[in-house]
Amino acid sequence: MPTFSITRFIATFALCVAASAGAVYLCACPFCSALNLTFAEQIKTNDIVVIAKLLEIPEPVDDPDAALPKSVFEITDVIKGDDIVRAGMQIRSLLIGRYPIGNEFLVMGVDPPNVAWSTPMKASERVVKYLKTIQTLPKSGKQRLTFFMDYFEDKESVLAFDAYDEFAQAAYEDIVEIKDEMDRAQLIKWIRNPETSINRRRLYLTLLGVCGEASDALMLEEFIKSGDRKQQGGLDALIACYLTLKGEAGLELIVDTFLKDENVEYVDTLGAVSALRFHANDVEVISKPKVVDAVRTLLDRPKIADMIIPDLARWEDWSVMERLVQMFKDANEDTSWLRVPIASYLRACPRPEAEKYIAELQKIDPDSIKRADFFLNFDDEDEIEDGDSDATETDAKVDKNDQTDGASKDHAPADDAPKDGDPADGGQQPVSNEDSADLITETWVTRRVPLDDVTVSIPKLPGTAIPANSMDKLPVSKTKPVTVQRSELVSETVALQAQPALIPVASSNVKYVPIWQLVLIPMAFSIGIFLLLWSVISGWFDRLIF
């Protein structure tokens, strides 16, 4: 069995969680993760946002089963919802903590007219002014980010948190636009401060990569070489910033320190790879071939090489194909997980020899090839379903046109063929078959099923159940047309030569839930719950000032 590493598991899980959260902001700051909903988002999602003055605090109750008493507030300012509420109105909400009468709070509400009010948050005059100002800012761009940049380390922690979250969600292109507005000296001061949190350090390093000078790379190089965990905090952003300022000359240090050294911790290697991906995909400081050469170094460490094989395929680096094939053959219990990404790499490779290698490797480990094909089919299905039916219609036409003359010239529909959807049999009618079968044209996604040396395409029809082993018994010929029977409902003459043919299968009105939905939907829901709980525990209470 492969060696289990708890460090590797935690790092990989953290990466998956970060990727799930980051899916909401596809172009967001590359190394920052928003901790909470911003004030702007909260205002947008609530019907009413007001500033209210505390008038009355109820006496505590002794009965543990009784409902918690609510405090009384008077609205002094309406930020949103002036068509629903007005200044001077009284509201009731559950207040956490003890505060003097007369203090002002930020309170939000939903679902008027029976408004459900949020837990009040203490709001100073600066907070009120801040909330009113952000209502006037553009949704994105230079003006918006310049405003929030002034609140990075604000004495009002609630404003500092909100400013960070705004930048964490901002597009990197917008961050680059405010280069001239950045305070380079202040950023360096915050980066050097050991008390700066990791999240904020990542942000400041990202900004320094935009406005920094070549001389700043010396400071970053000291951090990288130090081995001190505090100085290396936010390592992915640290390396990315260093390479941005140092350029191609900085690659050697990163490769030697984090990629070649087999004793370096997995999370550090992962951080270095993340930084190199940033330079390969998002910026043009270092030529992409140089970055790819650096990432390719990890192939010398088979135990973790699986993390960069998908990148090589994405970057269309087919120069390592033969090497990966050999790694597939040499894989043992400690490196067996390499085989699936290698098979996926070969499937993505457009070179003709890739198919030959797949056939060769399938004899060694057919299960890994099947797993790779499963994920590839899943991705292809999503791409087609997200679009329209044009692609599948085209596939159907290609398959039809690729039949041999003898098999295709008789494919005209028979006059007496029953029509699909006829109420006489619930929409399922047998198709007449004489010398050649009538071709049923369906615009559905097709799946490819291996059958010895031949590949046939089966339409994915709603509600059609096809036994996994049923294809093994089909009499298929490579050289002449044959008739394939399916549940005595549909027969079709199929010629498998240059291209695989379509084997039509009768559809049903009964709908089944695909396996991938049964697996992935609960998984996505669980990750979402985890993110929500983590966000509440780690950041939400920091916004309350007791």
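Start by selecting helix α3, residues 125-134, and pick out its buried residues: Val-127, Val-128, Tyr-130, Leu-131 and Ile-134. Buried here means under 20% relative accessible area, exposed means over 50%, and partly exposed is in between, with a 1.4 Å probe and protein chains only. Look down the axis and you will see that these residues cover an arc of only 160 degrees, which puts them on the same side of α3. The arc is taken from the directions that run from the helix axis to the C-beta atoms. Helix and strand labels follow DSSP runs (H or I of at least four residues for helices, E of at least two for strands), numbered from the N terminus.

A note before moving on: this is a predicted model, in which local features need pLDDT of at least 70 and side-chain atom pairs count only at pLDDT 80 or more, while totals for chains, interfaces and linings use all residues. Residues are numbered from 1 along each chain as its sequence is written, and side-chain values use heavy atoms, with hydrogens and water left out.

Then show what covers the buried residues: the cover includes α2 (39-45), β1 (48-56), β2 (71-80), β4, α4 (142-149) and α5 (157-169). Contact means heavy atoms within 4.5 Å.

**The loops around β5**

Next, select the loop between β4 (104-110) and β5 (116-117), where Pro-113 is found. A cis peptide bond joins Pro-112 and Pro-113, with omega at about 10 degrees. The loop between β4 and β5 also holds Asp-111, whose phi is near 60 degrees, a positive value in a residue other than glycine. Most residues other than glycine have a negative phi, and most peptide bonds are trans. Is Asp-111 buried or exposed? At 53% relative accessibility, Asp-111 counts as exposed.

Step on to Pro-120, in the loop between β5 and β6 (121-122). Pro-120 counts as buried, at 5% relative accessibility. Draw a C-alpha to C-alpha distance from Pro-120 to Glu-104: they are 16 residues apart in sequence and 9.1 Å apart in space.

Rolling a probe the size of a water molecule over the atoms shows where empty space is left. A search of the whole structure finds 3 cavities of 30 Å³ or more. On a 1 Å grid over the protein atoms alone, a cavity is a set of points where a 1.4 Å probe fits but cannot get out, and lining residues have an atom within 4 Å of a point. Grid points are joined across faces, edges and corners, and the volume is the space filled by probe spheres set on the points.

Go to the second largest cavity, which holds about 50 Å³ of space. To display its lining, select Phe-31, Tyr-172, Leu-205, Thr-206, Gly-209, Ala-237, Ala-240, Cys-241, Thr-244 and Phe-278. Which helix gives the largest share of this lining? It is α10, with 4 residues; α8 (198-211) and α10 (235-246) each supply at least two. The lining divides into 7 nonpolar, 3 polar and no charged residues. In that count, Ala, Val, Leu, Ile, Met, Phe, Trp, Tyr, Cys and Pro are nonpolar, Asp, Glu, Lys and Arg are charged, and the others, Gly among them, are polar.

Select Gln-231 in the loop between α9 (216-226) and α10. Gln-231 is partly exposed, with a relative accessible area of 32%. Leaving out residues up to four places away in sequence, Gln-231 touches Arg-201, Glu-222, Phe-223, Ser-226 and Leu-238.

Now move to Thr-269 in helix α12, residues 266-281. Thr-269 is buried, with a relative accessible area of 0%. Beyond residues up to four places away in sequence, Thr-269 touches Phe-258, Leu-259, Val-264, Leu-298, Arg-301, Ile-304 and Met-307.

**Into α15**

Select Glu-316 in the loop between α14 (309-314) and α15. Glu-316 has a positive phi of about 55 degrees although it is not a glycine, and it is exposed, at 57% relative accessible area.

Last stop: helix α15, residues 321-330, with the buried residues Met-321, Leu-324, Val-325, Met-327 and Phe-328. Seen down the axis of α15, these residues fall within an arc of 160 degrees, so they line one face of the helix.

Technical notes: On a 1 Å grid over the protein atoms alone, a cavity is a set of points where a 1.4 Å probe fits but cannot get out, and a pocket is an open set with protein on both sides within 12 Å along at least five of seven lines; lining residues have an atom within 4 Å of a point.
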